[in-house]
Amino acid sequence: MKVITSFKYTAPEITGGVTDSILRIDLTQSTISIQKLDEDFKHKYIGGRGYALKLIWDDTTSETKYDSEENLLVMAGGPLCNEPRFPGTGKFVVGTISPLTNTFIDSNVGGFFAPILKACGFDAIAIKGISSKKIILTIDDDKGEIAIIEAPSFSEEIDNGGISYGKAILNYYTDNKITKHIAAVTTGIGAETTLFGLINSHFLDNNRKRLRTKQAGRGGTGTVMRYKNLMSVIVNSSKTRIKNNNPINPHGVKNAGGTLAKLIKEEDPKQLHLASWGTPVLVEYMNKFHILPINNYQYGQSDKAKQIFSDVFLNEYLKDKKFDGCYAGCNLACAKGAEDVTLTRGPHKGRTVGVDGPEYETAGAVTCLGIFDPHFIMEFNWYCDEYGVDTISMGVVTAFFMESFQRGFLSEEDIGYTLNWGDIENADRFIHDTCSGTGIGKIASQGINSAKKWIAEKHSTNTDANYDETLIELNKFAMEVKGLEFSMYISKESLAQQGGYGFALKGPQHDEAWLIFLDQVHNEMETFEMKTAALKWFPLIRTWFNAVGLCKLPWIDVRHPEAAHTENPAQNIPSFNLYIEYLNSTTGSEKNIDDILIDSERLHLLQKMINVRQGKGTREHDQIPLRAMGPASIEEFNSRSEYYIDWLNKNVKSEIPKNNEDKLILLQETRKELYAKLCDIVYKEKGYDNNGIPFSETLEKFQLYDNKAKHILKKHQ
Amino acid sequence: MSISITLMGHHRIIAKRDIIKIPKEKINSVSDAFLFLKKIYPEIIINENTTLVTVNDKISHMDESIKANDNIAFLPVFGGG
């Protein structure tokens with residue numbers, strides 16, 4: 001391998017879950033350095049998402065775009081990642097300025113990468129610059145060396161494949177002796193051709209005897225990586241992982257982890273069965289409550305959905321029923337995989353592959369196209385991972401083009417073929433066109449925010465339609481906010497979830513808040529104040545998980561039986577107390593839940609300020625498409641007319657019109673008013689003005705009112 | 001006259017069906033339906049503290065009275081991943 005730069009080092013030690021060291025890489029200058037963190041940085045920004053936020057706040061400006069030299073690609077675990085005695089500690093966050101949103105995105109991903117990175121001595125890597133040639137970065141604790149190396153090339157097919165290149169580069173680096181002590185991240189050609197490229201996190205699964213991958217899917221982090229000409233980052237350390245975090249109180253760690261593992265073992269089989277079925281189990285429940293995003297979020301329920309219930313995958317693809325965790329020690333083990341899946345379409349047709357998935361989101365993305373074919377879901381899963389594109393954005397972009405075609409905004413001539421709901425062959429063709437940047441795929445590859453403008457232009461050029469009026473119509477069903485495509489839940493009937501999506505700082509991704517059930521099904525948030533309280537609490541707690549390097553599923557999807565007797569069962573405080581015990585036992589802190597909320601609110605505000613700086617932080621950018629707050633078309637209204645008429649009778653004081661078209665207009669106007677009212681109340685609760693800008697006092701409270709912040713706020717006064 | 005219990009997830013797999021119909025005279029409350037289900041399918045484990053009860057797709061509770069043609073479901077609670 002041709003080494004460009006190398007750096008001999010001794011891995012900084014881990015104490016209390018941290019090394020206080022960040023690896024700094026400059027790909028333009030080909031330099032490697034280690035930044036030592038002071039106590040203030042660590043205590044204020046915690047790790048993971050917090051570190052990514054602070055580094056990007058400091059090192060980028062309002063002019064920074066995803067392809068700017070100064071844009072950072074940060075990969076960071078957190079003080080609580082890398083602990084096999086506690087479930088769900090394999091998570092890390094990738095943070096950067098997103099190609100889709102032009103503001104901060106963080107995408108969380110599982111696997112062995114961050115635990116091994118920590119063993120190599122680093123709490124985070126921060127990569128700036130753009131290499132003039134394709135390179136890989138190796139961080140090798142065993143060799144005591146960090147190196148920037150010209151990326152080996154294997155063949156065009158392998159080099160273009162996110163999964164294939166990962167396998168090839170790890171075999172190359174280890175002389176075909178891959179162990180569980182090594183991990184890598186890669187991306188694929190789809191990250192070059194689209195703005196929603198993902199990052200694959202590779203690790204050896206000894207049960208399956210092959211490399212497996214998890215994905216940092218959202219927001220185009222892979223596109224940033226590919227733009228930097230960074231083909232892979234490899235981390236290697238033979239250090240044993242048990243006790244490697246050097247917790248201050250090892251007994252407390254063991255106690256908290258053992259108790260949580262016991263809870264999962266006892267309760268998951270009585271609840272969601274995630275350990276057996278993985279997240280596709282959600283398809284059945286989302287279908288029951290009209291939450292599946294069918295036909296571009298038009299309809300939440302279909303008789304066909306049973307074709308993709310989780311037992312179908314269990315019987316057809318997950319037959320070997322292996323223990324499928326994404327990191328050691330997690331007995332929720334929900335990262336399902338399938339072997340010997342034969343691809344029936346696309347450039348790799350005829351090939352037999354292992355598929356890591358599907359997750360619920362991937363299955364949901366396919367229902368977005370009106371498709372309920374389990375084999376197509378498996379193929380879609382594999383191809384997106386191999387191309388290196390986000391299954392969610394890919395699905396929602398395809399659905400948007402399908403609806404645009406079917407509503408007459410695009411012609412068969414514009415696309416090259418038809419795009420109808422349920423048409424697997426042409427949907428498949430569209431996906432490959434997008435990932436290869438071919439034909440109409442070149443437009444789709446830019447995401448919905450860009451594509452809708454192109455479609456409006458095309459339509460107004462081809463017909464007598466007015467551009468602005470066309471764009472207004474397209475915006476009704478263009479399912480994106482801030483430039484990021486929606487994740488896989490219909491929010492129409494839950495005002496709280498509309499807020500959960502609209503106020504989400506990165507864009508409409510549910511990892512900030514998932515309140516649909518509490519609101520729509522449990523009806524536990526009847527008042528605005530209750531919705532607001534939830535819209536503050538849940539995003540803060542979820543932020544914390546992303547800052548400390550933990551998976552939130554053992555907390556959020558396995559309910560402690562004692563939670564039923566608490567004030568707010570959905571918060572699952574009896575389980576969360578185990579996480580607090582784990583935190584304090586690892587780091588030596590004495591925090592309680594209020595301290596954690598304060599820590600998280602600081603990070604949330606910092607992210608808000610980055611949004612404001614990047615021009616995505618005002619009320620305008622928290623608005624959601626009409627389809628996300630109610631039926632956008634008469635067909636949608638009529639599909640559930642009885643429900644909507646009942647809703648109008650309960651929620652509208654004025655006389656209800658006689659015909660359904662007028663009822664629809666009244667419903668839409670009412671829903672818009674409710675959302676506007678929600679914005680007012682939530683902003684007030686969060687310490688923002690009515691335009692969504694934080695007050696200076698709010699920032700001062702969290703020691704964030706520095707000169708940069710002052711300068712930004714001045715522009716909005 | 002009857003009431004029905006919708007079976008979902010692993011309940012559906014254990015019972016090998018997605019709906020059970022029960023004569024109304026046997027069931028007066030959700031709790032009766034719960035006990036009936038446990039009796040005919042003892043392998044179905046339901047913890048009342050971690051189960052969502054719906055009647056006609058609306059959130060309910062064990063003490064709720066049941067009318068003819070009502071549909072009951074016992075669902076896991078979940079928080080959204």
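A residue is called buried when its relative accessible area is under 20%, exposed when over 50%, and partly exposed in between (1.4 Å probe, protein chains only). This is a predicted model, in which local features need pLDDT of at least 70 and side-chain atom pairs count only at pLDDT 80 or more, while totals for chains, interfaces and linings use all residues. Residues are numbered from 1 along each chain as its sequence is written, chains are lettered from A and ligands numbered from 1 in the order in which they are written, and side-chain values use heavy atoms, with hydrogens and water left out.

Side chains of opposite charge can pair when their charged atoms come close. With a salt bridge taken as a side-chain nitrogen of Lys or Arg within 4 Å of a carboxyl oxygen of Asp or Glu, the count over all chains is 50. One of them pairs A:Glu512 with A:Arg49, at 3.3 Å from N to O. A:Glu512 sits in the loop between α21 (495-502) and α22 (516-521) of chain A and A:Arg49 in helix α2 (residues 48-59) of chain A, so the pair ties together parts 463 residues apart in sequence. A:Glu512 and A:Arg49 are both buried. Helices here are DSSP runs (H or I, at least four residues), as are strands (E, at least two), numbered from the N terminus.

Another salt bridge links A:Glu284 and B:Arg12, whose closest N and O atoms are 2.8 Å apart. A:Glu284 belongs to helix α10 (residues 282-288) of chain A and B:Arg12 to helix α1 (residues 9-15) of chain B, so this pair joins two chains. A:Glu284 is buried at 3% relative accessible area, and B:Arg12 is buried at 12%.

For A:Cys330, the nearest cysteine sulfur is that of A:Cys551, 6.3 Å away. A:Cys330 is buried, with a relative accessible area of 10%.

Helix α25 (residues 573-587) of chain A has 15 residues and reaches 21 Å from its first C-alpha to its last, close to the 21 Å expected at 1.5 Å a residue; the expected span is 1.5 Å times one less than the number of residues. Of the 15 residues of α25(A), 11 are buried, so the helix is largely enclosed by the rest of the structure. The buried residues include A:Phe576, A:Tyr579 and A:Leu583. After α25(A) comes A:Gly588, whose phi is positive, near 85 degrees.

Conventions. A disulfide is a pair of cysteine sulfur atoms within 2.5 Å.
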